[in-house]
Amino acid sequence: MNPPNEFPDDFSSFPPIPFALVVPPENPNPNPNPTPPPSQTPLEVEDPSSSHPLSFTVPKKRRCGRSHRPATSFHLPQFPDGGFSSNGNSLASSSSSSIPANSIRHNVENPSSKPAPDMSDEIIVINKESTAEALIALSAGFPADSLTEEEIDFGVIRVIGGIEQHCHGLLDSTYNYLVSHGYINFGIAPAIKEKIPAEASKPSVIIIGAGLAGLAAARQMMRFGFKVTVLEGRKRAGGRVYTKKMEGGIRVTQAAADLGGSVLTGTLGNPLGIVARQLGYSLHKIRDKCPLYNVEGQPVDHDMDMKVETVFNQLLDKASRLRQSMGGVSVDVSLGSALETFWQVSANAVNAKEMNLFNWHLANLEYANAGLLSKLSLAFWDQDDPYDMGGDHCFLPGGNGQLVQALAENVPILYEKTVHTIRYGSDGVQILAGSQVFEGDMVLCTVPLGVLKSGSIKFIPELPQRKLDGVKRLGFGLLNKVAMLFPHVFWGTDLDTFGHLSDDSSHRGEFFLFYSYATVAGGPLLLALVAGEAAHKFESMPPTDAVTRVLQILKGIYEPQGISVPEPIQTVCTRWGSDPFSLGSYSNVAVGASGDDYDILAESVGDGRLFFAGEATNRRYPATMHGAFLSGLREAANMAHYANARALRMKVNRNPSKNAHSCASLLADLFREPDLEFGSFSVIFGRRNADPKSAAILRVTFNDPWKKSHEGSRPDQQHSNKLLFQQLQSHFNQQQHLHVYTLLSRQQALELREVRGGDEMRLNYLCEKLGVKLVGRKGLGPSADSVIALIKAERGNRKPASTLSSWKAGTSKLKPGTFKRKMVRRAKILRSINASPLSGNSNLAIGKLPEENKTSV
């Protein structure tokens, strides 16, 4: 259950800003053959005057000009005259969108183009819009009479159908929810940047990585009033999104090359498309035309091309049916083995040219998943297909680095800070980068999955085994590029992609696809892609050999056409697999993994101290730039929630109990008969409630000599709390007692009892593993009073039989002077507590590093 969100800021002061609301359906359970819900479907809107119904197409996973299988579709009845009427912001304002602007919104730019409607006309228009929007909402899976668990936890509506649904409180709560979760009013519009406070008023947050996820989270947290510091290992921001300026030649030819993330995969609801519009940038639709050339450089026969592509799509459908019939067994089978088996069965009359063409489609599929088909999961390789963004795949003219530059503006980023240790605990976090230590309240780790797999960052304490297993199961593939700047465009500007076939299946991904950037880069630029097994071999290929091979391919294609291929002015070869800050390109679902592993990687650790973001933490949009960006917005909301919850708890704990003296006396009486006692630890809890999560009170007694049970301990064991033990033993060496307490769950108390190694090991486990604080009686606060009262009331109803019989007989078995001695003992205990040098806020949970080289952020 997420802690409540509390934002004292008045978000309602925002002016209307272009936004897109993305409300995806609930996360599905792992399903080997997920059915695409209609909520994330791109729209193909036909002529409103047509009698045909609207068709919503569901594109399959692709990252180039060719889809891997034909789109499926479903139909809705024809909307009333007036068509789709959105706010004019969420669906289309880019010229590259597949929906013409004039087909989805009314003509408001030119009021003189038609007479102004009277009031009755306006009402009719509104009703028509409501009808259309209602149909869209129903088709998108909006709940008609129920709320999601997240909405219930957030307290959007307390009573379904209540009168408050018509009140301003509901609107304010809904609006704040949408803003705080990054659904609306995110990005870099002027009205949004103006809302960033000049001085931070909330806890400090450290963000590791200045990629899209880190930058998105940083801007959101700054907007919420948190103090933010971003640590970036590179000399630049952007991470795996990198636009390099290439130039050279006598006339100084220039171009912007996207060496990393390059394609905006879908424009409808894509947050990066919204950011681009906020900056006033247009998007260039990647045209579908993608001619293929065979090994000899000749165009592939059209009929053969269509035949092999049809067979390829049929094989994918067969693989889908196979995983359905196999059930859970398909988790351990690769997609590649299934496709190759089906191909061998159906390839009796296949010639060499058709085989080369089939291998090109396999390379294209490996490119889309940045992984070898032999390692992709048959069951879940396409688990994110139902959530594909609708609309066209686009380039951003000038490169995606423009988005990075705008998002990084005024964000405090410290470059060349390579993080090697992340320490987290109940008191906050410590980040070690080189010889520097950065301290904060929370940390967001956005490093790529490849870095997590390498183990180059040490987590203290170690990450939960569940997360470590998820990191191990997910795949992290590789894609490389060769960027070439030429003196002029010799390949034509009527296409954006073209492909080349190989006659060697092990090299099928080597320069198999070319991106023409001539229309978007500002100069004659070509990018050659290397995918699959060839991408790994490319890491060790000398750059001169790579460029020579690319030129051979280009000359083989264009010189027979009488076109001369010039020498490139400048070339750049990527090595993403060798880059220590990425160690690969993007994630995929490997054999043995599932979409659940993306959710596991997204889970926070350490009771809201350590968070994770990045494309590999986004189940619905992995391996995409917008997936990374959305994960940053998600974690900003999560961090704000935990911070607000902690602030509320601290506020409650700061209020001392009004009956502290009486409660202290009562607490001492209750601990005379503890429910659990082991070593110097004793626990009381209510026995009526057997819930393992029910509250319990733990007391630790420090005296001299310290109670030691040396079971399993070694003389050379070192603990961070050893100095604490020595100090306490020295201070209370006159048989005095110090009692410190904490609230924990019944289950945690039972786990503590099972810890071996003596009281020192138990205290170490309590403070560093469970992350709790030990405080004086007053430090427990009012929250403990109710637990104490509950235990007292329960014990009052279950007096020992001997005591009851004694009172019934009118006699007491207490010897003379016993009651007086008990009162004297109690006074001594209270006096020793009050004389303790430890304050109520003393923290025994985290060992501190030397003060030098520390930086509090």
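This is a predicted model: local features need pLDDT of at least 70, side-chain atom pairs count only at pLDDT 80 or more; totals for chains, interfaces and linings use all residues.
The expected span of a helix is 1.5 Å times one less than its number of residues. Helix 7 has 25 residues, so it should span 36 Å. Its end C-alpha atoms lie 36 Å apart, which agrees. Helix 21 (residues 782-796) was treated likewise. Its 15 residues should span 21 Å, and its end C-alpha atoms are 21 Å apart, again in agreement.

Two packed helices are described by the angle between their axes and the distance between the axes. Helix 7 (residues 302-326) and helix 9 (residues 352-369) have axes that come within 10 Å and cross at roughly 50 degrees. That angle makes helix 7 oblique to helix 9. The crossing of helix 7 and helix 9 is right-handed.

Residues from each helix form the contact. Helix 7 contributes M304, D305, K307, V308, E309, F312, L315 and L316. These meet K353, E354, L357, F358, H361, L362 and L365 of helix 9. By class, the contact of helix 7 with helix 9 has 9 nonpolar, 1 polar and 5 charged residues.

Burial was examined next. In helix 7, the buried residues are M304, D305, V308, E309, F312, N313, L315, L316, A319, S320 and R323. The cover over the buried residues of helix 7 includes helix 9, helix 8 (335-346) and strand 10 (292-293). Helix 21 has buried residues too: A784, D785, V787, I788, I791, E794 and R795.

Methods
Residues are numbered from 1 along each chain as its sequence is written. Side-chain values use heavy atoms; hydrogens and water are left out. Axes are lines fitted to C-alpha atoms, for helices over the stretch in contact, and angles run from 0 to 180 degrees between N-to-C directions. Helices (H or I, at least four residues) and strands (E, at least two) are DSSP runs, numbered from the N terminus. Angles under 35 degrees count as roughly parallel, over 145 as roughly antiparallel, 65 to 115 as roughly perpendicular and the rest as oblique. A crossing is left-handed if the near helix is turned anticlockwise from the far one by less than a right angle, and right-handed if clockwise. Contact means heavy atoms within 4.5 Å. Ala, Val, Leu, Ile, Met, Phe, Trp, Tyr, Cys and Pro count as nonpolar, Asp, Glu, Lys and Arg as charged, and the others, Gly among them, as polar. Buried means under 20% relative accessible area, exposed over 50%, partly exposed in between (1.4 Å probe, protein chains only).
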